[in-house]
Amino acid sequence: MNLAIVGVTGMVGRVLLKILEEKKIFIKNFYPVASTKSIGKTIFFNKKKYRILSLKEVLDLKPDVAIFSAGAEISKKWALKFAKKGIKLIDNSSAWRMDKSKKLIVPEINGELLSQKDKIIANPNCSTIQLVMVLNPLNIKYKLKRVIISTYQSVTGSGKKGLDQLLTEEKCLKSNKNFYYKINKNAIPQCDIFEISGYSKEELKLINETKKILNLSRLKITATSVRIPVIGGHSECVNLTFKKDFEMKEIRDLLLKYPGLKLMDNLKKNIYPMPILSENNDNVFVGRIRRDFSQKRSLNLWIVSDNLRKGSATNAIQILEFLKKKNLLIN
Ligand SMILES: NC(=O)c1ccc[n+]([C@@H]2O[C@H](COP(=O)([O-])OP(=O)(O)OC[C@H]3O[C@@H](n4cnc5c(N)ncnc54)[C@H](OP(=O)(O)O)[C@@H]3O)[C@@H](O)[C@H]2O)c1
């Protein structure tokens with residue numbers, strides 16, 4: 001397989017390379033792409049040196065697959081040109097996620113929707129992926145009625161600039177502001193820009209993408225997203241109401257068995273998910289599971305996952321593996 005990674009020098013791009021190496025995925029020709037400031041520089045992958053190329057060069061080289069991880073504007077401008085050439089595209093940006101003609105895929109949940117015809121495949125937002133991984137098995141059994149989410153998101157979710165701001169502020173140096181406010185020792189109730197509705201773009205992604213992936217267009221769901229000075233993963237406090245009754249033991253068993261989920265819930269030993277435990281791990285961790293006594297058929301839980309792994313790079317590579325396994329890479 002010939003593979004291009006667009007945005008190879010970014011937070012997600014670097015992790016994509018790491019996962020491809022870890023999984024020893026065979027790549028015949030590798031084409032790394034980044035912005036004009038990086039073109040011509042070199043990058044190491046599988047112990048080999050590669051020159052960073054431009055999007056135009058790579059389009060002409062016609063790889064079999066391109067993973068785009070360079071922001072929505074770049075995806076909007078280039079994705080159709082790649083697709084027209086018959087290049088399969090896995091897109092990490094928000095550009096195509098809510099497009100009715102494009103599939104929004106978490107392989108464990110809806111990989112089976114993929115067909116040979118799908119040229120542009122959308123990878124969901126990081127906070128959405130970890131949420132739906134937990135919601136899906138519970139929804140199948142108890143039917144979701146309402147979801148209330150509060151997120152506590154890592155600075156890495158905002159790319160290299162977000163991480164740079166935190167690391168600079170931690171050294172008490174003056175930083176380039178990526179966030180509107182100082183992030184060190186702070187909690188900012190704003191991830192991305194606000195829409196007229198009063199919700200941030202991140203909150204709307206979480207709401208709309210969850211409905212699309214779970215195929216629950218009428219789900220009652222609301223979200224508040226908060227940026228915190230953390231590296232290693234996003235955390236989510238989630239309150240769920242179901243249409244059907246549940247037993248706590250059944251809930252735990254379902255989550256325990258679901259592929260890609262790790263139950264971390266032992267209050268006697270103070271065991272619960274945290275970003276320092278999820279960093280560099282492909283799993284979604286769930287804990288603090290308890291009945292919400294204030295409301296019938298309701299549950300509280302706490303979900304943590306590395307936004308750069310399952311929240312983006314891992315999920316994209318799993319889509320690639322799924323396409324390979326099902327023989328869907330052939331044009
Ligand atoms: N960070 C996360 O947790 C996360 C999770 C899910 C999805 N995503 C999405 O993944 C994408 C990348 O995020 P990130 O966090 O990796 O961002 P990042 O750290 O800011 O990296 C951006 C990457 O895009 C490249 N780039 C910028 N302009 C370009 C252009 N005109 N042509 C080609 N490449 C260009 C950059 O290259 P240079 O180094 O040359 O500037 C860099 O490699 C975004 O769409 C983001 O929304 C991120």
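A salt bridge is counted here where a side-chain nitrogen of Lys or Arg lies within 4 Å of a carboxyl oxygen of Asp or Glu. The model is predicted, so that local features need pLDDT of at least 70 and side-chain atom pairs count only at pLDDT 80 or more, whereas totals for chains, interfaces and linings use all residues. Residues are numbered from 1 along each chain as its sequence is written, and side-chain values use heavy atoms, with hydrogens and water left out.

**View 1. The two domains and their contact.** The domain assignment, which is automatic or from a database, divides the protein chain into domain 1 (2–125 + 312–325) and domain 2 (127–306). Their contact (heavy atoms within 4.5 Å) takes 21 residues from domain 1 and 21 residues from domain 2, and the C-alpha centres of the two domains lie 25 Å apart.

**View 2. The interface of domain 1 and domain 2.** About 1800 Å² is buried between the domains, with carbon and sulfur atoms giving 60% of this area; buried area is the accessible area (1.4 Å probe) that two parts lose on being put together, summed over both. Met-11, Ile-109 and Asn-125 supply 39% of what domain 1 buries against domain 2, more than any other three residues. Across this interface the rule finds one salt bridge.

**View 3. Glu-209 and Arg-97.** These two residues form a salt bridge in which the closest N and O atoms are 3.1 Å apart.

**View 4. Helix H5.** In this helix (a DSSP run of H or I, at least four residues, numbered from the N terminus), 15 of the 17 residues are buried, so H5 is largely enclosed by the rest of the structure; buried means under 20% relative accessible area with a 1.4 Å probe, protein chains only. Lys-143, whose phi is positive, near 60 degrees, follows H5.

Definitions and conventions
Buried means under 20% relative accessible area, exposed over 50%, partly exposed in between (1.4 Å probe, protein chains only). Helices (H or I, at least four residues) and strands (E, at least two) are DSSP runs, numbered from the N terminus.
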